[in-house]
Amino acid sequence: MNEPVSKNITPMPERKLKVNYNVYHQQPMTVWLTGLSGSGKSTIAAAFEQALISRGIVCALLDGDNLRHGLNRDLGFSPEDRAENIRRVAEVAKLMNDIGIVVITSFISPYRSDRIAAMNVIGDDNYREVFISAPLSVCESRDPKGLYKKARAGELPGFTGIDAPYEAPNHPALIINTNGTTVDYAVDSLIALR
Ligand SMILES: Nc1ncnc2c1ncn2[C@@H]1O[C@H](COP(=O)(O)OP(=O)(O)OP(=O)(O)O)[C@@H](O)[C@H]1O
Ligand SMILES: [Mg+2]
């Protein structure tokens, strides 16, 4: 949905809250982790969050499974619901960036069009797309939540990588290959993002 349903809303004029008034004295950005289930998004996001906190950076982690318990609990995994999931995350990230908070998102976000829409909401100045990359066979052998096993058994129709597509980023700000590198290496690479 591009336009608000109601035609009777008048947003407040833009206030100059952004970087100039940023009480945190940090560059707000949204570090958008995308990749297959089991590629390591949540693991890396949590370690990155800790690294930012230890550096005194005010940050927020928006993680797929957590948001699907709350804000996005009404959504499933159809392409339409995935698009709405990502749209809401992008809107929340933008609100937080406007306050000056660094946001980390960890969502499969398999569709390029949904990620482009997210970038357009957040603004490309603040959006940093990071491809958490590992071969499907590696993700499937990790299977930290047992989801690939269920998907292979036909219990999870529309599972990314099995019977739903994953569209890898064309021009990510960073690619982290988690097959053969450590979480510490991933965090160091993320800290270096500007
Ligand atoms: N270099 C690495 N980086 C991140 N995770 C790794 C790495 N090597 C091995 N792993 C393991 O891979 C698994 C990744 O699981 P994780 O829950 O982080 O994936 P995810 O991408 O968040 O999946 P989902 O989309 O289902 O939430 C964990 O068990 C983690 O310990
Ligand atoms: Mg995860």
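Modeller: The largest nonpolar core has 31 residues, and those that touch the most other members are Val31, Leu33, Ile44, Phe48, Ile104 and Val130. A nonpolar core is a set of buried Ala, Val, Leu, Ile, Met, Phe, Trp, Tyr and Cys residues joined through C-beta atoms within 7 Å. Buried stands for 20 or more other C-beta atoms within 10 Å of a residue's own, exposed for 12 or fewer, and partly exposed for the range in between, with C-beta atoms placed from the backbone. At least two residues of this core come from each of β1 (30–34), α1 (41–54), β2 (59–63), α3 (79–99), β3 (102–106), α4 (112–122), β4 (127–133) and α7 (183–191). Such names follow DSSP runs counted from the N terminus: helices (H or I) of at least four residues and strands (E) of at least two.

This is a predicted model, in which local features need pLDDT of at least 70 and side-chain atom pairs count only at pLDDT 80 or more, while totals for chains, interfaces and linings use all residues. Residues are numbered from 1 along each chain as its sequence is written, and chains are lettered from A and ligands numbered from 1 in the order in which they are written.

Setting aside neighbours within four places in sequence, Val31 has contacts with Ile104, Arg128, Val130, Leu190 and Leu193 (a contact is two C-beta atoms, placed from the backbone, within 7 Å). In β1, Val31 and Leu33 point one way, whereas Thr30, Trp32 and Thr34 point the other way, and all are buried. The count for the strand is 5 of 5 residues buried.

Next comes the sheet. The open sheet has 5 strands in the order β2-β3-β1-β4-β5, with parallel pairing; two strands pair if DSSP finds at least two bridges between them. β2 and β5 are at the edges and have a single partner strand each, so one side of each has no neighbour in the sheet. From one strand to the next, the twist averages 20 degrees. Axes here are lines fitted to C-alpha atoms, for helices over the stretch in contact, and angles run from 0 to 180 degrees between N-to-C directions.

β1 has partners on both flanks, β3 and β4. With β3, β1 runs parallel over 4 bridges; Thr30 has Val103 as its bridge partner there, and Leu33 has Ser106. With β4, β1 pairs in the parallel sense over 5 bridges. In that strand Trp32 is bridged to Glu129 and Leu33 to Val130. Leu33 and Val130 also both belong to the core residues that touch the most other members.

β4 is mostly covered, with 6 of its 7 residues buried. β4 also pairs in the parallel sense with β5 (residues 174–177), over 4 bridges, and one bridge there links Ser133 to Asn177.

A helix packs on this sheet: α1 touches β1, β2, β3, β4 and β5, and its direction makes about 170 degrees with that of β2.

Ser109 is in the loop between β3 and α4. Ser109 has 27 other C-beta atoms within 10 Å, which means that this residue is buried. Its phi is near 40 degrees, a positive value in a residue other than glycine. His25 also has a positive phi, of about 50 degrees, although it is not a glycine. His25 is in the segment before β1 and counts as exposed because 10 C-beta neighbours lie inside 10 Å. Most residues other than glycine have a negative phi. Arg194 follows α7, in the segment after that helix. With 7 other C-beta atoms within 10 Å, Arg194 is exposed. Arg194 and Ile44 are 150 residues apart along the chain, and 18 Å separates their C-alpha atoms.
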